[in-house]
Structure formats: structure tokens, C-alpha cells
Amino acid sequence: MLDLRGLKCPLPVLRSRKALAALRPGATLIVLADDPLAPLDLAHLCRSEDHEGAPPEALAGGGWRFHIRKSATPA
């Protein structure tokens, strides 16, 4: 799990990309973020690198939980 709450754009997406690069294909990364642009940025990351991203889940204290499954093929 990657807790990126409190970080502002572009740090959540940059750190998520770095964490995904270290994972094996098919692994799932859970990201917590509260930056208003995080849903857009992480959705774009998933599309551009062919990862599977589920719709974000709203957190009770604000922000979102993202489940990103790393692509089985290289980007």
C-alpha cells in the first residue's frame, strides 16, 4: 500500500508509477491519495501504461483508495 495523502500533483502519480515499476506483472498496488487531481492523473497513468484501474473508492476522512493492477505486458 502506498499512502500518498498530503502530496500534491504530480507527486502521487510519479510515486505510483515508480511503485508499479517495481512490481511483477499482474500485481496490485493500493494507493491512498487526497490530491484533487489524483483520480484524473491515476486514470491517465492506467490508460497510458495499460494497467487496470478500478474506480476510486471514497475514504471517510477525504481522498480516495485506488486499486491498480500492473499490466501483464511492458509499457
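Reader: Which residues does Gly26 touch, not counting residues up to four places away in sequence?

Author: The model is a predicted one. Gly26 lies in the loop that joins helix 1 to strand 2. Leaving out residues up to four places away in sequence, the residues touched by Gly26 are Arg69, Lys70 and Ser71.

Reader: How far apart in space are Gly26 and Ala72, C-alpha to C-alpha?

Author: In sequence, 46 residues separate Gly26 from Ala72. In space, the distance between Gly26 and Ala72, C-alpha to C-alpha, is 5.5 Å.

Reader: Does Gly26 count as buried, partly exposed or exposed, and why?

Author: Buried means under 20% relative accessible area and exposed means over 50%. The relative accessibility of Gly26 is 30%, so Gly26 counts as partly exposed.

Reader: Where on helix 2 do its buried residues lie, on one face or around the helix?

Author: The buried residues of helix 2 are Ala38, Leu42, Leu45, Cys46 and Glu49. Viewed down the axis of helix 2, these residues fall within an arc of 95 degrees, so they line one face of the helix. In general, an α-helix has 3.6 residues a turn, so residues three or four places apart point the same way. The buried residues of helix 2 therefore lie on one face.

Reader: Which exposed residues are carried by the face of helix 2 turned away from its buried side?

Author: The buried side of helix 2 packs against helix 1, strand 2, strand 3 and strand 5. The face turned away from that side carries the exposed residues Leu40 and Arg47.

Reader: Which helix supplies the largest share of the lining of the largest cavity?

Author: The structure holds one cavity of 30 Å³ or more, and the largest cavity has a volume of about 30 Å³. Helix 1 and helix 2 each supply at least two residues of its lining. The largest share, three residues, comes from helix 2.

Terms used:
Residues numbered from 1 in each chain as written. Predicted model: local features only at pLDDT ≥ 70, side-chain atom pairs only at ≥ 80, totals over all residues. Heavy atoms only, no water. 1 Å grid on protein atoms, 1.4 Å probe; cavity = no way out; pocket = protein on both sides within 12 Å on 5 of 7 lines; lining within 4 Å. Points joined across faces, edges and corners; volume = space filled by probe spheres on them. Helix = DSSP H or I, 4+ residues; strand = E, 2+ residues; numbered from the N terminus. Buried < 20%, exposed > 50% of the residue type's maximum accessible area, 1.4 Å probe, protein only. Arc of directions from axis to C-beta. Contact = heavy atoms within 4.5 Å.
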